[in-house]
Amino acid sequence: MRAWRPWAAALLAGLCLLLPRLAPALTPEQALAVAEGTVAERVQAITQLAAAPDPAAAALLRALQDERVRVHEGRVWIEQPDGSAVRADSGAPEPLPPEAEAPLLNNRLRAALALALAALDLQEADPQRQRTAAATLRRALLEEPDEAFAPLLRAALDPQRQPPLDGRAAALLAQAQAAVELADADPARRRAAAGVLGGSGERLALALLQQQRAQETDPAVAQALRQAQQALERTLALAEVGGTVFTGLSLGSILLLAALGLAITYGLMGVINMAHGELIMVGAYATYVVQQLFARLWPQWFDWYVLAALPVAFLTAALVGAAIERGVIRHLYGRPLETLLATWGLSLILMQAVRSLFGAQNVTVENPAWLSGALALPGGLVLPWNRVAILVFAAAVLAAVAWVLARTRLGLFVRGVTQNRPMAACMGVPTGRVDALAFAFGSGVAGLAGVALSQIGNVGPDLGQAYIIDSFMVVVVGGVGQLAGTVLAALGLGLLNKLLEGWAGAVLAKIAVLVLIVIFIQKRPQGLFALKGRQA
């Protein structure tokens, strides 16, 4: 087991005395000892204050960590957020002398402060502060365990302690205690510690288990260490696989959202719409505008601006798409090269229009509170909430598109025109109107993709350029006009790309995926699902 530095040993001795006991009020001498002197003397003073849970001492330590402490001629002040100052020992307001200076803080003092404040926070009734403190102590002990922490941890985990310890904080402290007791003289404690670390899912614990196993002499404990190491390695391996699968599905869901609208327009009309990426961009900028409106007019509802942005982005992109189809594309049906060039020109016009309205720089689209943070799972697997939300959102959009195509009159006409346009026209289907509505619908779906992309990356005039090629690849691989093929192609390409990234790197993975797509299209040009219908 690695030894702690001498300053940490002194700190631990004080921390072990922390759990509830009465302490005298903060004195001017104690406050000055924290702010002035050698580093070793200041660490010792911090230790003594942490061992005495006095409100004034806790306030001084927190202010020192925030660099709000000032010292001059043997007196110590705490600077308040409003610019005023109070004496550190008494809390009485007192003007801050211009000559007062901030005490020096180095890494050694910051580490001592972090441990001291974590120990103090364990006495708070707030569960969140208890969890943060427990996480700090656990990480420190998993990196450098020391048996001097054992009394503190046992006292903190006492079921009778007041205030009661939060359940999650108790679990974190139990892992910290296991790290400390893994080298305990009692074999029973070592076996119990091995079991806790084996189920912790922490990569740092693996090194501790390996180190203790190399020097363990008790056969029963060695067996427990071996089993714990194997269990932890399995957890870490599963977490790594789970992380790869999740990132692959996340990328696949983004590709699906970007390609769904293109699957409708390209599958129905055979139009190579090079402005599809810019329709995604329009949806992202619509989200930005809605965010700004909520921030100015309804700040109390700001966390729900994303929900309001969904219909706005859909309608905005749909109107732009309808204008493109009525103004340009309907005059170029049956002329694919001209259509490609015309839509490419339209993409440039849309990008320049956005630059003129919003500027050439990226704009900031903030995540609402309920999309911030992440879900932490054993093995170090972290699932960001915004990515999880995009997976759910992609499934919801897919279900909505499938319902429109399968259960509505528009969907019936779209399927009829896709399978046999001349016959549909003979049956009275207004193919021109269907083309316009389908193109607007596909453009609106692209706008929804823009809402999702605004939550995971920068929003700028070039946003859509990063997804247009991938969208076409998804549609071609899945089969033109085939919704099921688009889903399988998007998720498959996302997973394949992430699997290859872990093996060959991002650039080579992209090249390999492109080569595999070319080979696939050579062997199966109709895609995963061939278009069904009579050919005239």
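In which helix is the place of alanine 205? Alanine 205 belongs to helix H10, which spans residues 203–215, where helices (H or I, at least four residues) and strands (E, at least two) are DSSP runs numbered from the N terminus.

The close-ups show a predicted model, in which local features need pLDDT of at least 70 and side-chain atom pairs count only at pLDDT 80 or more, while totals for chains, interfaces and linings use all residues. Residues are numbered from 1 along each chain as its sequence is written, and side-chain values use heavy atoms, with hydrogens and water left out.

View 1. Alanine 205 is buried, at 0% relative accessibility; here buried means under 20% relative accessible area, exposed means over 50%, and partly exposed lies in between (1.4 Å probe, protein chains only). Not counting residues up to four places away in sequence, alanine 205 touches Leu142, Leu197, Ser200 and Leu232, a contact being heavy atoms within 4.5 Å. Glutamine 130 lies 75 residues away along the chain, and its C-alpha atom is separated from that of alanine 205 by 22 Å.

**View 2. The aromatic pair of tyrosine 288 and phenylalanine 358.** Rings of Phe, Tyr and Trp (its six-membered ring) pair if their centres lie within 6.5 Å, and planes under 30 degrees apart count as stacked, over 60 as edge-to-face and the rest as tilted. By this rule the model holds six aromatic pairs. One of them joins tyrosine 288 and phenylalanine 358 in an edge-to-face arrangement, with 6.0 Å from centre to centre and 80 degrees between the planes. This pair links distant parts of the chain, 70 residues apart, since tyrosine 288 is in helix H12 (residues 276–297) and phenylalanine 358 is in helix H14 (residues 336–358). Tyrosine 288 is buried, with a relative accessible area of 17%, whereas phenylalanine 358 is partly exposed at 32% relative accessibility.

**View 3. The tilted pair of phenylalanine 302 and tyrosine 305.** The planes of the two rings, phenylalanine 302 and tyrosine 305, stand at 35 degrees with their centres 5.1 Å apart, so the pair is tilted. Both phenylalanine 302 and tyrosine 305 are buried.

**View 4. The salt bridge between arginine 110 and glutamate 67.** A salt bridge is a side-chain nitrogen of Lys or Arg within 4 Å of a carboxyl oxygen of Asp or Glu, and by this rule the count comes to 15 salt bridges. In this view the side chains of arginine 110 and glutamate 67 meet at 2.5 Å, N to O. The pair links distant parts of the chain, 43 residues apart, with arginine 110 in helix H5 (residues 107–121) and glutamate 67 in the loop between helix H4 (55–65) and strand S1 (69–72). Arginine 110 is partly exposed at 35% relative accessibility, and glutamate 67 is partly exposed with a relative accessible area of 49%.

**View 5. The salt bridge between arginine 131 and aspartate 166.** Here the side chains of arginine 131 and aspartate 166 meet at 2.8 Å, N to O. Arginine 131 lies in helix H6 (residues 127–143) and aspartate 166 in the loop between helix H7 (150–156) and helix H8 (167–181), so the pair ties together parts that are 35 residues apart in sequence. Arginine 131 is partly exposed at 32% relative accessibility, whereas aspartate 166 is buried, with a relative accessible area of 15%.
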